[in-house]
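Hello,

Please find the structure below. My notes on it follow.

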Amino acid sequence: MKRAKLHAVAAVYYLMMTVKLHAVEHKENGTDTCILKLKENTKRIRSEVINELKEEIKEEFKNQFKEHELLKKEIAVERARQWVIEEKVDVSYERVQRLEAALSQCAPITVANTTPITVPNTTTSTSTTTTTTTTAEPNSCAVGFVKFEDHCYILELDEVKWDSARIRCRILGADLVSINTEAENDFLVKKIKEYYPPDEQSAAHFWMGMLYEDGKYMWADGTEVGFTDWRSTSEPNCMHVKCKAFISTFQSAYKWEDATSAYHFHYICEKDAA
């Protein structure tokens, strides 16, 4: 009888444990399912966010591209306007220079000789008149030019392309400068330093009359290049038909360099003294 009770208690205990195990398994299965659903939701949300970001990036790129294209068009229009303005300036400058050249011919008169001349009169008295002989100062330069030896020079501080610079020099009856001696070069460097001293931070450049032609550099007036003052042994390094030479104040060197004629630089004009 006692043994039968023990078996009954064991059976009930086994049944209870079985129910508890099933409940735990069911709970674990539910937890796994919940975790799986969370992972799936996380993956889905991440994918949606990535797709949204991709679309936003694409849209932003399109907007940036449109802005870039508009900016390019605006730059092209602005360049065209600048070309037109530059041409108008050249025309206006030509007129001004012609006027200045005409005014420069009105040089001050100097009295070279004053001689009294007696003119007979029909009356008993005599009258004396004075005639004035005027002579121009030999080897003089026009207004604005400075003289060195038998040449006149002018440093123009407006910035233009090489071709425009030469046109403007010719309007003055001059040409872009040809530097043939060290003394002449030193004189011009000294004048440049008056505008751009050695401690000047920004570099300035002055067109000369040197151009690349027939495989070598020549002066614009057709003379051979003798004296040179290149910045380094690597100069000149621009060897084609559009290359021209200039004096540069870069690093306070005041040496010669070369570049394409499309750059806008200052320039130096030269002509014979009158």
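Where is the place of D214? D214 sits in the loop between strand 6 (205–213) and strand 7, strands being DSSP runs of E with at least two residues, numbered from the N terminus. Its phi is positive, about 55°, although D214 is not a glycine. D214 counts as exposed because its relative accessibility is 74% (exposed is over 50% relative accessible area, buried under 20%, partly exposed in between, with a 1.4 Å probe and protein chains only).

This is a predicted model, in which local features need pLDDT of at least 70 and side-chain atom pairs count only at pLDDT 80 or more, while totals for chains, interfaces and linings use all residues. Residues are numbered from 1 along each chain as its sequence is written, and side-chain values use heavy atoms, with hydrogens and water left out.

Y254 also has a positive phi, near 55°, and is a residue other than glycine. Y254 lies in the loop between strand 8 and strand 9 (255–260). With a relative accessible area of 4%, Y254 is buried.

In the loop between strand 7 (216–219) and strand 8 (243–248) is P236. A cis peptide bond links E235 to P236, with omega about -5°.

The protein has three helices and 10 strands (helices are DSSP runs of H or I with at least four residues). Helix 2 (residues 162–171) is largely enclosed by the rest of the structure, because seven of its 10 residues are buried. Among them are W162, R166 and C169. After helix 2 comes G173, with a positive phi near 75°. Of the 274 residues in the protein, 27% are buried.

Regards
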